[in-house]
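Me: Please take a close look at one helix in this model and at what surrounds it. After that, go on to some other local features of the chain.

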Amino acid sequence: MSKRLDPRNWASWRPFGLGLRKPNNYLELWKAFKAVKGERRFAWRILNQGTCDGCALGTQGMRDWTMDEIHLCNIRLRLLPLNTMPALDHRLLGEVSALAGKKSAELRELGRLPYPMLRRKGEAGFTRIGWDQALRLAAEAMRAAGGSRFGAYLTSRGMPNENYFAAQKAVRAMGTNSIDNAARICHSPSTVALKQTIGAAATTCSYTDWIGSDVIVFIGSNPSNNQPVAMKYLYHAKKAGTRIVMVNSYREPGMEKYWVPSNAESALFGTKITDEFFGVNVGGDLGFLNGVLKHLIENDWLDQAFLDARTSGFEEVRRSVEAMEWAELEALSGSTREQMYRLAKLLGEARTGVLVWSMGITQHTFGEDNVRAIVNLAMARGFVGRDRCGLMPIRGHSGVQGGAEMGAYATGLPGGLPITPENAARFSELWGFEVPDEPGRTATEMIDAAHAGELDVLISSGGNFLEVLPDPAYCREALSRLKLRVHIDIVLSSQMLVPADGDVLLLPAQTRYEMAGGVTETSTERRIIFSPEVQGRRIGEAWPEWKIFGELAALVNPAADVRYTGTPAIRSDIEKAVPFYAGIAGLARFGDNVQYGGRHLFADGRFQTPDGLARLSPVRLPRLERPDGGFAVATRRGKQFNSMVHERRDGFNGATREAVLISAHDADRLGLPDGAPVELTSPSGVFAGKVLRAPIMPGNLQVHWPEGNVLLDEARRSPDAKIPDYNAVVTLRRLP
């Protein structure tokens with residue numbers, strides 16, 4: 001990595017970008033310092049000794065394995081208060097009407113959940129109870145419900161592998177595969193499509209492959225907001241000559257220019273990040289990606305030797321793409337034939353390249369096809385299995401990658417194995433109890449079942465369906481119809497306060513830093529990282545989630561051996577159940593890690609398919625229709641971690657939570673100045689907001705998630721992964 005100054009990449013000659021709109025990273029440090037008053041030593045130990053519970057880049061303290069520089073981001077700083085705050089006064093829950101109108105951020109600020117709490121049907125609030133009573137009550141309800149009327153959901157909120165593994169084993173001992181996690185609503189289409197094409201649902205490369213690659217293409221991904229430390233990698237990539245490309249409906253300002261606070265050159269002068277921007281319609285990625293592939297084929301910019309030796313099905317892909325009309329590709333994508341050629345030429349002349357994508361690609365009814373199209377593009381150029389090349393479904397949260405790999409998935413067993421009679425029998429023999437052999441309900445299907453009166457008990461470990469899923473009113477009604485809801489969490493959330501036809505239990509959980517024996521997380525680059533217990537404040541009677549699920553299962557099915565003596569025992573069990581996690585049982589000290597698959601998956605020339613070949617397939621163009629004058633609206637994130645909103649205003653673009661991002665072209669056409677009140681209407685709901693002009697494709701809008709979820713149709717999901725569609729077609733009118 002070059003340490004020489006390079007003014008060609010500087011974003012501004014103004015020192016520290018003074019006067020420019022951008023996040024103030026040093027102010028974030030000061031805010032974090034103030035927020036952990038009284039527990040600053042504990043916070044410092046968390047930063048220096050723990051593995052980050054923020055995004056999935058992965059750390060050892062404030063260092064990582066990509067470069068010898070400080071690794072610290074705003075997300076991690078904002079999470080510090082959750083990890084160090086005192087307990088809330090549990091008497092506040094005795095009458096919840098006073099809390100019902102509070103936003104989730106206000107509920108979090110009340111403090112950590114210290115004790116098990118119970119709210120009986122019809123009662124005004126919660127009463128403190130003991131763990132024995134709480135577990136007996138939950139076990140009785142689950143026994144009465146049976147496996148077919150019970151489900152469990154785990155968020156990615158700092159969730160370590162040990163919790164995922166113990167929970168899924170316990171739920172299966174209780175007679176169901178209906179356990180799901182937050183990956184269902186972010187990268188489940190990536191899981192499905194990558195399994196089908198290359199046989200492994202993980203990134204094929206490492207972060208080091210960004211630095212010095214000829215080109216990195218970000219498709220529907222914005223690491224400046226969601227994985228801020230990644231911007232340091234991009235700073236070094238730019239200095240190494242890498243060209244950075246963005247394909248998106250919105251020209252994200254944080255991907256245009258970024259000031260890396262821990263690097264002197266970038267902190268002072270900023271860094272120009274994106275070299276090429278290609279605008280596409282919301283949902284138009286397939287038109288654009290197929291157009292780029294069509295140009296690669298027409299200009300013979302293919303790695304034919306790679307395609308012949310390592311893939312099958314490309315001739316069918318070729319015929320499908322050649323038959324597509326340019327006019328159709330342009331209409332769908334919102335781009336032009338010339339723009340598609342520009343990217344094709346850039347890829348065609350590149351010797352190495354990394355393709356990175358996130359929820360702008362996956363959260364559609366055709367999310368799986370979007371990922372298949374990216375795979376087709378990468379395979380056409382042979383960008384897999386070697387240095388500075390790869391496919392990267394970048395993860396937004398530290399607990400996501402391990403969730404499905406640990407088996408906390410309604411459609412998969414540990415190791416990502418599909419749920420079949422043969423695989424269920426294998427785990428039945430390994431664990432000594434009968435594992436159900438049919439897939440369970442996914443997260444969205446659990447809500448559907450609750451709404452239809454077909455689910456009696458739901459355990460939600462973290463998460464907040466009211467803010468995560470489309471159509472909050474539908475979710476609220478579903479939650480209210482359950483006979484028992486069990487919420488396991490570290491803080492209050494709005495879904496806990498929804499009145500129910502039955503009882504509601506609150507069970508206090510520990511953070512990853514509080515768990516005796518330490519825990520592990522799996523990063524986006526497949527690195528399994530040990531995070532030790534950190535000395536500091538402990539909250540009331542909080543338990544680790546692995547223990548809660550184990551004790552519940554022991555009461556529901558006493559014949560099953562599902563209890564653990566601690567996290568080292570869980571890691572030993574993981575190694576037996578998931579062969580490619582070999583080495584996890586030996587992780588015991590700060591900095592211990594193992595990267596399964598090594599720096600590159602498939603470096604040996606074979607994919608994880610029966611014949612060792614990547615299975616490529618044509619992807620059809622979706623039919624996207626919107627009425628005259630209608631807009632395609634996408635939901636975006638800003639100043640938040642998952643649904644956990646930290647501030648009202650986004651430092652990158654100045655957008656408040658009610659902002660409706662619209663192109664200057666559309667705003668001028670409709671006579672809408674910045675700040676004009678408008679109303680968006682979809683078949684599902686209405687959203688009132690204020691206009692904010694932004695560099696977004698004409699005919700497209702963006703609003704914040706979860707505020708914009710009222711516009712989304714809860715029934716629109718992808719066919720295989722069943723991910724909700726987080727986009728809608730709306731009409732816009734100006735309010736008086």
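Reply: Gly453 comes after helix 21 and has a positive phi, near 75°. The model is a predicted one. Helix 21 itself spans residues 443–451, and its buried residues are Ala443, Thr444, Met446, Ile447, Ala449 and Ala450.

Glu434 counts as exposed because its relative accessibility is 69%, and the cut-off for exposed is over 50%.

A nonpolar surface patch is found elsewhere. It consists of Phe16, Leu18, Tyr26 and Leu29, which together have about 400 Å² of accessible area. Phe16 lies in the segment before helix 1 (25–35), and Leu18 is placed in the segment before helix 1 as well. Leu18 is exposed because its relative accessible area is 57%. Phe16, at 40% relative accessibility, is therefore partly exposed. The backbone of Phe16 also deserves a note: its phi is positive, about 60°, although Phe16 is not a glycine.

Arg388 is another residue that is not a glycine but has a positive phi of about 60°. Its place is the loop between helix 18 (367–381) and strand 12 (390–393). With a relative accessible area of 35%, Arg388 is partly exposed.

Asp387 is in the loop between helix 18 and strand 12 too. Arg599 and Asp387 form a salt bridge, in which the closest N and O atoms are 3.8 Å apart. This pair links distant parts of the chain, since Arg599 is in the loop between strand 20 (593–595) and strand 21 (614–615), 212 residues from Asp387. Both partners are partly exposed: Arg599 has a relative accessible area of 33%, and Asp387 has one of 39%.

A further salt bridge is made by the side chains of Arg636 and Asp650, at 4.0 Å from N to O. Here Arg636 belongs to strand 22 (residues 631–636), while Asp650 is in the loop between strand 24 (644–645) and strand 25 (659–662); the two are 14 residues apart. Arg636 and Asp650 are both buried. Some salt bridges share partners, and in this way Asp209, Asp387 and Arg599 are joined into one network.

Asp89 and Arg91 also form a salt bridge, with 2.9 Å between the closest N and O atoms. Asp89 is partly exposed because its relative accessibility is 32%, whereas Arg91, at 65%, is exposed. The count of salt bridges comes to 41.

One more backbone feature remains. Trp705 and Pro706 are joined by a cis peptide bond with an omega of about 15°. Pro706 is in the loop between strand 28 (700–704) and strand 29 (727–734).

How values were computed:
Residues are numbered from 1 along each chain as its sequence is written. This is a predicted model: local features need pLDDT of at least 70, side-chain atom pairs count only at pLDDT 80 or more; totals for chains, interfaces and linings use all residues. Side-chain values use heavy atoms; hydrogens and water are left out. Buried means under 20% relative accessible area, exposed over 50%, partly exposed in between (1.4 Å probe, protein chains only). Helices (H or I, at least four residues) and strands (E, at least two) are DSSP runs, numbered from the N terminus. Patches are made of residues with over 30% relative accessible area and no salt bridge: like charges are joined within 9 Å, nonpolar side chains (Val, Leu, Ile, Met, Phe, Trp, Tyr) within 5 Å. Accessible areas come from the Shrake-Rupley method with a 1.4 Å probe; for residues, only the protein chains shown count as cover.
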